[in-house]
Amino acid sequence: MVIGMEQAVEVLRSGGPLIFPTDTVWGIGVAVEHCAGTAALAQAKGRDAGKPIAWLVADASALDAYGCEVPAYARRLADAFWPGALTLVVKASPAVPWGYASADGTIGLRMPDSACALALAQAAESPLAATSANLAGHPARSVQDAPDEEFAASCGVPVLDVRGPGDAVAASGRPHAAAAVASAVVDCVGAVPRLLRAGTITASEMQGACGASFGDAPRL
């Protein structure tokens, strides 16, 4: 079912999942403040319910609202690349509801370069716990393409109508990549950052922006 923005916000505020475009791939998500957890997302994707799901946030103040003991290098990364395709994993603050933080007490936060995703988060007055809108093990669908209608129908989740392929408007005005490339993920819990997943932002760009070299060893 394809729905408009007003209905989409109602779905999120009622605790339901929604398929919508981000600045990287088509995503499926719920509004954190209105949904008890990510079980619906795990069920739709056919994946482990215990796997943490990152949040899309409306602005950089989320680092202070939902993170604690956030290192200076993480703030420099956010200043340099938000909005954009960079997820920062930080220690979760007490404001993160039970069921959203990972087993080690962390949360992934990202401000997307997507006018659509940001508008949804702002209208729902909540971060969006979101993952790619595809079955586990299947390729993600780029926002330059139409959403995966078969996936949407199989899980019964409504799709936001953006009246065209993908999210046509970027928050920053920067062009979106044509390929379905998920965001880079950086662990910002330890004394130095660690690259957990590569993305369109290179390691050298991030190291130059944050003034710290990535560590290789896992944090203790």
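## Strand 6 and its partners

Alanine 92 in strand 6 is the bridge partner of glycine 67. Strands here are DSSP runs of E with at least two residues, helices are runs of H or I with at least four, and both are numbered from the N terminus. The model is predicted: local features need pLDDT of at least 70, side-chain atom pairs count only at pLDDT 80 or more, and totals for chains, interfaces and linings use all residues. Residues are numbered from 1 along each chain as its sequence is written, and side-chain values use heavy atoms, without hydrogens and water.

Strand 5 (residues 67–68) and strand 6 run antiparallel, joined by two bridges; two strands pair if DSSP finds at least two bridges between them. Strand 6 also pairs with strand 7 in the antiparallel sense over four bridges, and lysine 91 stands opposite threonine 106 in strand 7. With strand 10 the pairing is parallel, again over four bridges. There, threonine 87 stands opposite valine 185.

## Burial

Six of the seven residues of strand 6 are buried, so strand 6 is largely enclosed by the rest of the structure. Buried means under 20% relative accessible area, exposed over 50%, and partly exposed in between (1.4 Å probe, protein chains only).

In helix 4 (residues 72–81), the buried residues are Tyr73, Ala74, Leu77, Ala78 and Phe81. Seen down the helix axis, they fall within an arc of 145°, so they line one face of helix 4. This arc is that of the directions from the axis to the C-beta atoms.
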